[in-house]
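Subject: The structure, and some notes on it

Hi,

Here is the structure I promised to send over. Have a look at it first, and then read on for my notes.

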Amino acid sequence: MNISAIKESNKKETRIAITPQSTKKLVGLGATVTVPKNYGTALGFSNEEYEKAGAVLQKTQKAAIEEADVIVSVERASDSLYKGLKEGTIVISLLDPFRELDLVETLAAAKVSSLAMELVPRTTYAQKMDALSSQASLAGYTAVIKAADKIAKSLPMMSTPSGTIPPAKVFIIGVGVAGLQAIATAKRLGARVEAYDTRPVVEEQVKSLGAKFVKIDVGETGQTEQGYAKALTDEQLEMQRKQMAKFVAGADIVITTAQLFGRPAPLIVKEEMVKGMKAGSIIIDLAASTGGNVAGTEVDKEVMVEGVKIIGLSNFAGEVAKDASQMYANNVANMLEHAWDKEENKLVLNLEDEIVNSVLLTHDGAIRDERVKKAVEDNK
Ligand code: NAD
């Protein structure tokens, strides 16, 4: 079975989907692995390392795609690439299925079996394949590093003969995987950290990292079976903003990570809240690519609002692309290993398997995920 990585269509994507380390694992399964020439050189993975791990360097991408049984990438490829695939080709990628509705239709029409890495179930067993978590964790780290770099203030307290510098105050909104890593990173850098999430279950986790959990009463909140937050009503969001404004105003750095699975991110920090912050403060909006938690966020731009800098990147994990690639490539290789049939020596899409059933977005011409299918139909 031929597993091939392709060059990322999005030229800004810095991550890759197969590393020399994951090549070894895939070759060990019995697969043929091909990668484009210089696929990992920007990240320090040489062609020789890939070859040593057992990969074949592609002569041309066109020929590689023609021979591939499985095509892997970080982000989606172009429509024309998918349309040109032979029926039954397996595609593994982050496909952003709730927003890329036309793409989902293209994949189904091309009779491609697509595995969307976003749809890995949030179970203990599937953690090693959970790309959302691996990338979110690095994004949380990057958010703090970016803020520390941009703010004209030190994060730790410093007592020196020349004077005492108070620690920076960091307020983190949304304490999922990214938020927890942001708390841990900010604490390590010596900041004073406060955090809030609508899911009360995270209070203990926040405290265990040495941060303060901010209590805000917005009435009943909850989470889905998979652990994702349920959306607040407009009234609840307004209550949240009112009670949160003073914590935002008191912070030197605000990091927002609030997301709702499969839906646009909630707008939490309104313009007047931004204006209520001290000049020189920084806001990092990790939800920028799904609409943003902060009024005024512009993807991949630094926006100044009355002296407050708002930064929202489309790809926070891509800032630490080498580690993000190692993690993502491991997630993909673990997925392939999970679905690999040792007797037949190939990937077998067993629809009875909980993980395969969950990630398999399109197969045999059909859209399999009911939520995505409904979104596609509503979009027509
Ligand atoms: P996410 O990226 O969907 O959202 C980030 C955080 O934003 C969440 O904690 C959410 O509760 C919060 N949020 C949403 N609306 C908010 C609002 N209005 N105000 C403040 N916060 C708001 O979340 P995630 O990081 O993907 O994690 C979701 C859950 O899944 C967590 O409970 C996490 O522990 C769990 N998880 C479980 C596993 C596993 O068991 N294998 C793996 C990863 C994550």
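**A loop residue to start with**

Beyond the residues up to four places away in sequence, Leu43 touches Thr14, Ile16, Ala321, Lys322 and Ser325. Please keep in mind that this is a predicted model. Leu43 sits in the loop that runs between β2 (32–35) and α2 (47–53). Is Leu43 buried or exposed? With a relative accessible area of 14%, Leu43 falls under the 20% cut-off, so Leu43 counts as buried. As for Lys207, which is 164 residues from Leu43 along the chain, the two C-alpha atoms are separated by 36 Å.

**The sheet**

Next, the open sheet. Eight strands make it up, in the order β3-β2-β1-β4-β5-β6-β18-β19, and the pairing is mixed. At the edges stand β3 (56–57) and β19 (366–367); each has a single partner strand, so one side of each is left without a neighbour in the sheet.

Leu115 has Leu360 as its bridge partner in β18.

What about the faces of β6? In a regular strand, side chains alternate between the two faces of the sheet. In strand β6 (residues 113–116), Ser113 and Leu115 are on one side and Ser114 and Ala116 on the other, and all of them are buried, which leaves both faces covered.

A helix belongs in this picture too. Together with β5 and β6, helix α5 (residues 101–109) makes a right-handed β-α-β unit. The helix α5 lies across β6, β18 and β19, and runs at about 50° to β18.

**The nonpolar cores**

Which residues touch the most other members of the largest nonpolar core? They are Ile3, Ile18, Tyr50, Val72, Tyr82 and Ile92, out of 66 residues in that core. Helix α11 (residues 321–339) supplies the largest share of this core, with seven residues. Another core, of 54 residues, lies apart from it and has Ala143, Ala182, Val202 and Ile284 among its members.

To see what surrounds Ile3, leave aside its neighbours within four places in sequence: Ile3 is then in contact with Ile18, Leu26, Ala31, Thr32, Val33, Thr34, Val70, Val72, Leu336 and Trp340.

**Aromatic rings**

Lastly, the rings. How many aromatic pairs does the structure hold? There are five aromatic pairs. One of them is formed by Phe171 and Phe247; this pair is tilted, with 5.9 Å centre to centre and 35° between the planes.

Best wishes

Notes:
Residues are numbered from 1 along each chain as its sequence is written. This is a predicted model: local features need pLDDT of at least 70, side-chain atom pairs count only at pLDDT 80 or more; totals for chains, interfaces and linings use all residues. Side-chain values use heavy atoms; hydrogens and water are left out. Buried means under 20% relative accessible area, exposed over 50%, partly exposed in between (1.4 Å probe, protein chains only). Helices (H or I, at least four residues) and strands (E, at least two) are DSSP runs, numbered from the N terminus. A crossover is right-handed if, with the strands pointing away from the viewer, the path from the first strand over the helix to the second runs clockwise. Two strands pair if DSSP finds at least two bridges between them. A nonpolar core is a set of buried Ala, Val, Leu, Ile, Met, Phe, Trp, Tyr and Cys residues joined through side-chain atoms within 4.5 Å. Contact means heavy atoms within 4.5 Å. Axes are lines fitted to C-alpha atoms, for helices over the stretch in contact, and angles run from 0 to 180 degrees between N-to-C directions. Rings of Phe, Tyr and Trp (its six-membered ring) pair if their centres lie within 6.5 Å; planes under 30 degrees apart count as stacked, over 60 as edge-to-face and the rest as tilted.
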